[in-house]
Amino acid sequence: MPVVDVDPDELRELTGHEDIGDDELREDLFNLGLEYEGETEDGDFQLEFAPDRLDRLSVEGIARSLRYQYGDDRGVYVPATTDPDWTIEVDATPPERPYVTGAVVRGLDLSEDALDSLIQLQEKLHATMGRTRAKGAIGVHDLTMLKGRAATAEDDEEFQKSVRYTSADPDGEPFVPLEGDREMTPAEVTAEHHIGQEYADLVAGMDRVPAIYDDIGLFSFPPVINGKRTEVTENSRDLFIEMTGTDQWTIDHMLTIVCYALAARGGTIEEVAVEYADDAPGEHAGDRLVRPDFSTRRKHVTLDRVQTILGVDLDAESVVDCAERAGLDATATETDDDAVAFDVDIPPYRVDVLHPIDLIDDIGRAYGFDTLEPRYPDVSTVGGRHDRSRLEDAARDALVGLGFEDLLNFHMTSEVENFDRMNIAPGEDVLGGGDPVTIQEPYSEDYTILRTWALPSLLMVLENNTHRAYPQDLAEIGLAAEVDDAENTNVGEWRTVAGVLARHDVSYEDAKARLQAMTADFAVDLETPPTDHPSFIDGRAAAIVMDGETVGVIGEIHPQVLVDHDLELPVAAFEFRLDGLT
């Protein structure tokens with residue numbers, strides 16, 4: 001979860017409520033959904049919040065939410081913008097990073113706190129929406145240090161200045177990067193500069209890297225680093241903001257959040273025209289975009305749904321009032337069946353509103369969740385724990401009591417891990433040999449099926465733990481599945497119990513002793529007749545029979561399986577169905 005450092009005095013100043021004490025301020029922040037996590041050495045609040053409200057990644061965004069909560073602001077606020085004077089011309093960009101957006105902000109008075117807040121907002125947006133700069137990266141520049149070229153597009157004659165987003169030879173034109181003291185080519189930046197090394201993987205493998213030029217030369221190497229020539233300081237008054245990425249929607253909304261924060265500092269937002277060449281890669285080839293895009297969106301929600309979800313009998317006027325105090329605009333209307341509904345306008349910085357339920361959440365917060373009276377739902381039964389859940393917890397407690405370390409592994413795996421490295425084949429009539437449930441479009445070759453048994457997962461853990469001390473006694477209770485035409489879903493699922501003991505002197509008898517102790521706790525009649533299983537040593541394996549039903553297998557793992565998992569000491573193991581304990 002993102003954590004933002006906020007100066008409480010600055011927060012009070014931006015909200016206009018400088019008389020609020022720290023305790024009351026923390027309570028107000030909690031009502032917004034911001035968790036107080038402590039303070040820095042400088043006394044800044046450390047606030048943790050759900051990553052959906054990215055507009056609160058800065059002190060300016062948090063102050064805006066508080067002003068709405070206090071009733072000082074109401075409804076949707078959209079900053080005024082002036083017509084564009086700058087153009088970003090886009091051509092010959094790397095296909096891996098085809099999109100760009102931008103804005104100009106003028107008339108700022110950047111104090112040290114304001115500059116720190118801007119840098120923190122940039123970092124947090126990179127870490128969240130930007131996916132560590134891979135999906136979107138922000139560059140902020142001192143506008144006075146840029147020399148715009150005359151716009152070259154035929155329909156851009158009204159614009160006076162332009163910069164160019166294109167590509168560059170990694171060993172081509174040098175520039176002085178931030179925190180640098182000499183000119184370096186992009187290749188040298190990624191090889192030698194500490195920031196360049198951190199983000200080098202984002203441009204690795206590109207024949208030509210992203211680059212932004214003005215009339216002087218290269219001043220930005222996105223998504224890696226900006227040039228020192230355009231570095232922003234406390235003396236900067238006018239800023240040029242550019243963002244590049246792999247998705248236009250993402251960088252446009254990142255830009256909106258930054259512009260709202262700077263507008264709260266007194267900045268005037270000036271639009272920038274983005275001109276994509278006809279042969280530019282991506283979906284906007286030939287398009288002309290004017291950014292930032294401060295258009296609002298509209299969603300609909302009914303009064304009945306608001307009342308049902310919140311459990312409060314609100315009238316239409318109260319819903320409109322709560323929506324406005326949440327920074328929304330709501331207009332009551334009538335549906336065809338004479339019910340009351342609302343057209344709700346959403347501000348451009350709210351990237352989290354995807355569904356009417358998000359609007360109801362905002363209305364509920366404005367109403368005050370802490371004022372809602374808890375009550376039992378109007379249903380015929382009261383929820384409780386399922387018998388299977390109780391059984392699973394009891395079995396897990398028994399395993400831990402017998403010295404096993406409880407694990408939780410992925411339910412998805414690959415055929416290689418589930419079958420090949422365990423010496424069995426799909427469809428083989430042994431434990432784990434069922435017909436696997438296959439993922440039609442797997443994200444990775446490591447996760448192509450649902451596992452048919454849990455022992456392969458435990459052996460993979462042992463394989464990754466060869467650097468740790470022995471003995472290692474591991475167990476897991478988890479899901480297993482296979483294709484089953486008798487089920488209406490064509491998939492049979494069950495909970496399975498698996499355990500492994502890895503040590504230099506382990507034997508079949510050690511595993512059986514643990515199994516006997518466990519089944520004794522559940523008053524189950526245990527038998528272990530000899531059996532054959534390709535994953536176990538011949539003559540050192542047995543079926544697990546509980547109350548007359550075969551539910552699993554126990555034995556010493558086959559040497560070939562140990563070799564395939566790079567294990568150099570014996571392993572005894574067992575696995576059985578959880579419902580065998582009932």
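Across which strands does helix H2 (residues 22–31) lie?

Modeller: This is a predicted model, in which local features need pLDDT of at least 70 and side-chain atom pairs count only at pLDDT 80 or more, while totals for chains, interfaces and linings use all residues. Residues are numbered from 1 along each chain as its sequence is written, and side-chain values use heavy atoms, with hydrogens and water left out.

Helix H2 lies across S2 and S3 and runs at about 15° to S3; helices (H or I, at least four residues) and strands (E, at least two) are DSSP runs numbered from the N terminus, contact means heavy atoms within 4.5 Å, and angles, from 0 to 180 degrees, are taken between N-to-C directions of axes fitted to C-alpha atoms, for helices over the stretch in contact. The open sheet has 3 strands in the order S1-S3-S2 with antiparallel pairing, where two strands pair if DSSP finds at least two bridges between them. Strands S1 (3–6) and S2 (35–39) are at the edges with a single partner strand each, so one side of each has no neighbour in the sheet. From one strand to the next, the twist averages 30°. Between S2 and S3 (residues 45–48) there are 3 bridges, and Glu35 has Glu48 in S3 as its bridge partner.

As for the rings, the structure holds 9 aromatic pairs, counted when ring centres of Phe, Tyr or Trp (its six-membered ring) lie within 6.5 Å, with planes under 30 degrees apart called stacked, over 60 edge-to-face and the rest tilted. Tyr36 and Phe45 form an edge-to-face pair, because their planes stand at 80°, with the centres 5.3 Å apart. Tyr36 is partly exposed at 32% relative accessible area, whereas Phe45, at 0%, is buried (buried is under 20%, exposed over 50%, partly exposed in between, with a 1.4 Å probe and protein chains only).

A further edge-to-face pair joins Tyr260 and Tyr349, at 4.7 Å centre to centre and 65° between the planes. Tyr260 lies in helix H7 (residues 248–263) and Tyr349 in the loop between strand S16 (340–346) and helix H10 (356–367), so this pair ties together parts 89 residues apart in sequence. Both Tyr260 and Tyr349 are buried, and together with Tyr77 and Phe294 they form one aromatic cluster. Arg64 lies over the face of Tyr349, 4.2 Å from the ring centre, a charge being over a ring if NZ of Lys or CZ of Arg is within 6 Å of the centre and within 35 degrees of the ring normal.
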